[in-house]
Amino acid sequence: QVQQNVERLFTRFVEQGKATVRLREPAVDLRLSKANASDLKTFLSALRLAHQGTDAGVLPLSTLVPAKNSDVEKPKTKMVITSRRDYPLTKSFPYSLEHLQTSYCKLARVDTRVLCLKKLRKLDLSHNHIKQLPATLGDLVCLQELDLHDNHLESFSGALCCSSLQKSLQFLDLSQNRLRALPLEFCELRGLVSVKLDDNELVRLPCRVGQLGRLRFLSAARNKLPFLPSDFRRLSLENLDLFGNPFEQPNPLVPNIQLKIPLTLSECAARAIINHGIPYGCHLLPSHLCEDLGVAKTCQCGSACLSSFIQITVTMNLHHVAHTVVLVDNMGGTDAPILCYFCSLRCYSQFLDRHLQSN
C-alpha cells in the first residue's frame with residue numbers, strides 16, 4: 001500500500017543509483033541501490049504520484065524484473081556501536097531495529113533519532129555520559145530491556161514509570177550512576193523481572209517496592225542504604241545482592257515516636273479509608289491526599305497509619321524474601337535492618353513484650 005503511506009524519500013545519491021523510501025506502515029526504510037539512475041528517477045516520480053492517489057493505470061512504470069535474493073537486503077534488526085568514531089551523525093537508524101547498543105560513545109544525552117525506533121526491544125546506552133532521560137523514552141512501547149550502566153544519571157523520572165514502560169519493561173540496569181533515590185512511581189513498573197542498582201548513592205529504596213510482584217533479581221550493592229523499607233517483606237526473589245551498604249544496627253528498644261494524641265481528623269479519616277477498602281481517587285480527593293494514602297504505613301496489627309506512628313528497625317534474614325542471597329558483609333551475615341511501624345502505643349507494647357520474651 002503506497003497511497004498516503006510514504007513518509008519521506010531520500011534522493012541525495014540518486015545519480016549514483018541509490019535512494020531510500022521511508023514508509024509509515026509498516027515503519028521501515030526500503031533501500032534501493034545498484035539501480036540505473038534514469039530508471040530510478042522514473043520510479044521515484046511514479047512513487048510520488050501513487051502516494052498522492054494517482055490511478056495505477058497511468059503511472060510511468062516499466063515491467064519489473066524480479067530481483068535476485070542476493071540483491072535484497074533483509075530489514076536490519078540489530079546494531080552494535082562501541083566507539084565514538086562509528087556513531088552515525090548524518091544518517092538515521094534503520095526503523096526496523098529491535099536491538100540497539102551505543103556504548104562508549106561519550107553521549108551526553110539520548111539521541112532523539114533513537115526515540116523514533118518504535119520496534120526497539122533492547123536498548124543499551126551503557127558507558128556514556130548521560131545525565132538525564134527524556135520523558136519520551138517512555139514512548140518506546142516494545143522496550144523490554146534498558147541498560148544505562150555507567151552513566152551520570154542523578155535521577156530517574158517518575159514520568160517514565162507512568163508511561164508504556166509500566167507493561168513492557170522487564171530488565172533495567174541503572175548501576176554505576178549517581179542516583180540518591182528512586183521516585184515513588186518506580187513501583188508502577190510492574191513488569192520488572194531484574195533490576196540492577198549497584199554502585200550508586202541510594203539512601204533509600206521506594207517504600208512500595210513490594211508492589212513489584214514479578215521481580216526476581218535485585219542488586220543494590222555498594223550504596224548508602226541504612227535500612228530496608230517495611231514493604232520489602234513482600235518481595236519473592238530468586239537472587240538478592242545488598243553487599244557493601246552501611247546498614248544500621250537494629251534497636252527495637254529505641255523507637256522513633258511520631259504519635260499525635262489525640263489523632264487528627266485527617267488521620268482518622270485516612271485510616272478509615274484504607275482499613276475499610278473505601279475507593280478513592282483524584283476525582284474525589286485532592287491529589288496530595290491521594291499521594292499520602294498511597295504511601296500509608298501498615299502496622300503489625302494490619303491497620304494503616306499515615307503521619308501518626310511509631311517507627312523502629314528490626315532484623316530480617318534476607319532468605320525470607322530471596323532464595324539466593326549474596327552476603328551482606330564480610331562477616332558472612334545475611335541479616336539486614338528493616339523498618340517496622342505501629343499505629344499506637346498498645347501495638348508497640350505488645351510487640352515489645354514478644355521481643356523481650358524471645359530474647
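A: S5 and strand S6 (residues 122–124) pair in the parallel sense over 3 bridges. Strands here are DSSP runs of E with at least two residues, helices are runs of H or I with at least four, and both are numbered from the N terminus; two strands pair if DSSP finds at least two bridges between them. This is a predicted model, in which local features need pLDDT of at least 70 and side-chain atom pairs count only at pLDDT 80 or more, while totals for chains, interfaces and linings use all residues. Residues are numbered from 1 along each chain as its sequence is written, and side-chain values use heavy atoms, with hydrogens and water left out.

Next, the packing. In soluble globular proteins, nonpolar side chains tend to be buried together. The largest nonpolar core has 76 residues; such a core is a set of buried Ala, Val, Leu, Ile, Met, Phe, Trp, Tyr and Cys residues joined through side-chain atoms within 4.5 Å. Leu123, Phe156, Phe186, Leu228, Phe232 and Leu318 have the most contacts inside this core. Two or more residues come from each of S4, helix H2 (158–161), strand S11 (237–241), strand S15 (310–317), strand S16 (322–326), strand S17 (335–342) and helix H6 (345–358). S17 gives the most, with 6 residues. At least three residues of the core are drawn from each of domain 2 (78–224) and domain 3 (256–318 + 337–358), where domain bounds come from an automatic or database domain assignment.

Phe156 is in contact (heavy atoms within 4.5 Å) with Leu133, Cys161, Leu172, Leu174, Leu179, Leu182, Pro183, Phe186 and Leu189, leaving aside its neighbours within four places in sequence. A second, separate core of 10 residues includes Val6, Leu9, Ala19 and Val21. Val21 has Leu30 as its bridge partner in S3. The strands concerned, S2 (residues 19–23) and S3 (residues 29–32), pair in the antiparallel sense over 4 bridges and form a hairpin with 5 residues between them.

Back to S17. An open sheet of 3 strands runs in the order S12-S15-S17 with antiparallel pairing. Strand S12 (256–257) and S17 are its edge strands, each pairing on one side only. S15 and S17 share 8 bridges in the antiparallel sense, and the bridge partner of Met316 in S17 is Ala336. Ile312 also has its place in S15, and counts as buried because its relative accessibility is 2%. Ile312 and Cys340 are 28 residues apart in sequence but 5.3 Å apart in space, C-alpha to C-alpha. Not counting residues up to four places away in sequence, Ile312 touches Pro252, Pro255, Ile338, Leu339, Cys340, Phe342, Tyr348 and Phe351.

S17 also takes part in a pocket. The second largest pocket holds about 560 Å³ of space. Of its 24 lining residues, Cys207, Pro229, Ser230, Asp231 and Tyr341 are the closest to its centre. Strand S13 (297–298) and S17 are the elements that give two or more residues to the lining, and S17 has the largest share, 3 residues.

There is also 1 cavity of 30 Å³ or more. The largest cavity has a volume of about 60 Å³ and is lined by Leu182, Phe186, Val195, Leu197, Leu205, Pro206, Val209, Leu212, Leu215 and Leu218. On a 1 Å grid over the protein atoms alone, a cavity is a set of points where a 1.4 Å probe fits but cannot get out; a pocket is an open set with protein on both sides within 12 Å along at least five of seven lines, and lining residues have an atom within 4 Å of a point. Grid points are joined across faces, edges and corners, and a volume is the space filled by probe spheres set on the points. Leu182 and Phe186, which line the cavity, are also among the contacts of Phe156.

Technical notes
Buried means under 20% relative accessible area, exposed over 50%, partly exposed in between (1.4 Å probe, protein chains only).
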